[in-house]
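Colleague: I would like to learn how to read a model such as this one, going from the whole chain down to single residues. Could we look at it together?

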Amino acid sequence: YNQGGASGYGYSQGGAAAGRGYNQDAASDYYNQDGAAAAGEDSDKMRAEEKVEDEIAETAQEAKADKFDQIESVSRFWSHVVSEQMMDALETHLFSTKLDMARKIKSGEGKREASRLLADAMLDILTQFDSDEDSDITKAIRNLLIVVAGINSTDGHKQRQVRVAIDDLKRNQLDMLRVQSEQTETIMRAVSFVQNEINTVEAKGLTASEPEENKALVEEAGARGRLLSVLLQPEQIAGQPSIRMVSKIREKVGRRIESMKNDLDKEEETAQKNSIIERKGEEMNPRDYILAMSRLSTKMSKVALPHIVTMCNELAIDLFELKGEELKLLFEDYRIASISSMYNRALNMVKRCKRVIAEKKKDDDSKAIRTVAGLSSIMSGKVPSGMSENEDNESVFDCLLHYCVKVNEIGSTCSAWCGEMERGWIWLKKKLEEGRKMEGKVDKILAESRDISILGSLKNEVKQFDLICPDRVKALTKKIDTLNHDSDDD
């Protein structure tokens with residue numbers, strides 16, 4: 001029975017009553033809570049429980065019997081496969097006459113010829129189902145089974161089949177089977193990891209809060225993404241598991257992939273037109289070409305992002321777990337390989353900004369970030385004043401704003417990358433708000449207070465703050481010095 005839903009005993013504690021039981025919240029087949037309990041209720045319940053227990057025992061017995069039958073069938077097949085009819089025939093023809101053997105068998109001293117019924121039946125089936133359309137692995141497995149089923153046969157035709165199968169296996173199929181075995185082991189390790197994540201989600205789903213459940217779902221999608229990454233490796237991509245799974249993914253989100261490619265085409269065409277206009281017939285030098293391609297990758301990463309996030313949600317697979325080359329293979333588009341790196345660069349920059357603020361770093365770039373003006377620039381998609389305004393920084397900060405806005409609009413449920421970007425952006429916005437409040441507080445006290453102790457305490461508070469406010473510290477120092485000087489004059 002299932003304790004979380006309608007019980008196998010036939011009652012549900014909170015919903016529609018199960019067929020054989022009662023419902024405590026609704027009208028009961030056996031009794032009404034507002035009235036007297038029906039006679040014999042306890043005995044009826046006991047009989048119902050005994051019936052369920054009998055059914056469970058019967059099911060277990062049937063499963064045990066099925067397992068025994070399967071083992072017995074395999075054992076019988078094995079005995080037919082390994083039966084040495086040739087040895088029996090040699091012994092008979094070298095050392096006995098048919099009359100001698102008949103007498104021994106009749107008296108119980110001899111043995112009848114061992115059966116090869118199942119082995120021969122297997123050979124016949126393998127011959128009937130031979131097809132040129134079968135995969136190489138299927139052909140190799142068939143040859144293995146032909147050898148297993150036919151090697152002890154006394155039929156000359158069957159032995160010729162066995163030799164052909166052995167020759168095929170020796171040529172290339174054994175090596176192929178070994179590779180297949182290695183690939184399967186690798187894939188199943190990844191599958192096992194996914195299953196563990198699924199089990200975790202199911203276990204948490206019974207008791208977890210909504211944030212915990214959402215986190216578990218993201219972890220499960222991430223595990224699926226890592227499994228897909230395994231399937232897209234060079235040594236796996238040509239195998240049947242990869243071909244089938246990749247084909248199924250393309251089938252599920254084919255329209256979305258086509259739409260993404262169309263948007264990328266438009267962006268590329270626009271960039272090419274603009275480039276021709278800017279050059280006015282002149283050749284582009286290598287540096288300008290690199291810069292133009294970098295800008296194009298940035299723009300195309302913005303275009304592709306909403307499509308990829310949506311596909312993550314539709315597939316329940318975190319596609320951001322894939323590297324650029326893997327995404328290129330999945331989408332069959334070389335452009336994805338170059339633009340996907342922008343997503344990692346953007347997330348790394350968000351993490352860097354959080355880290356330099358939390359750890360109060362003091363190098364020049366960190367100081368540029370750790371100001372209200374610096375965070376305001378980041379929130380506007382611009383490089384903070386004081387940081388190098390090179391092409392890389394301009395691209396990353398330009399993308400940060402766009403990425404976070406899009407992720408928030410779509411609402412990702414299956415991507416760790418999206419979650420980290422969203423949480424990081426919210427954290428930076430909160431720090432910016434705290435910084436503005438701190439600056440407002442300082443400005444207010446500077447304007448209203450002449451108490452040196454209050455001003456000194458506020459100065460220490462500002463200096464300990466995560467963000468640096470050099471102008472406010474300077475203003476507080478100046479006012480404290482002025483007040484001290486006035487006090488000395490008095």
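Colleague: Among contacts in the protein between residues at least 6 apart in sequence, what percentage join residues at least 24 apart?

Modeller: Bear in mind that this is a predicted model. Among the contacts between residues at least 6 apart in sequence, 61% join residues at least 24 apart.

Colleague: How many of the residues count as buried, and what supplies the exposed area?

Modeller: Of the 490 residues, 34% count as buried, while the protein exposes about 30,500 Å², of which carbon and sulfur atoms supply 51%.

Colleague: Which residues form the negative surface patch, and is E55 buried or partly exposed?

Modeller: A patch takes in residues with over 30% relative accessible area and no salt bridge, with like charges joined within 9 Å. Here the negative patch is formed by E50, E53, D54, E55 and E58. E55 lies in helix α1, which covers residues 41–82, and E55 counts as partly exposed because its relative accessibility is 36%.

Colleague: Where is N348 placed, and what separates the C-alpha atoms of N348 and V396?

Modeller: N348 sits in helix α12, residues 335–358, and with a relative accessible area of 47% it is partly exposed, since that class lies between under 20% for buried and over 50% for exposed. Although N348 and V396 are 48 residues apart along the chain, their C-alpha atoms are separated by 9.6 Å.

Terms used
Residues are numbered from 1 along each chain as its sequence is written. This is a predicted model: local features need pLDDT of at least 70, side-chain atom pairs count only at pLDDT 80 or more; totals for chains, interfaces and linings use all residues. Side-chain values use heavy atoms; hydrogens and water are left out. Patches are made of residues with over 30% relative accessible area and no salt bridge: like charges are joined within 9 Å, nonpolar side chains (Val, Leu, Ile, Met, Phe, Trp, Tyr) within 5 Å. Accessible areas come from the Shrake-Rupley method with a 1.4 Å probe; for residues, only the protein chains shown count as cover. A salt bridge is a side-chain nitrogen of Lys or Arg within 4 Å of a carboxyl oxygen of Asp or Glu. Lys and Arg count as positive and Asp and Glu as negative; His and the chain ends are not counted. The place of a charge is taken as NZ of Lys, CZ of Arg, CG of Asp or CD of Glu. Helices (H or I, at least four residues) and strands (E, at least two) are DSSP runs, numbered from the N terminus. Buried means under 20% relative accessible area, exposed over 50%, partly exposed in between (1.4 Å probe, protein chains only). Contact means heavy atoms within 4.5 Å.
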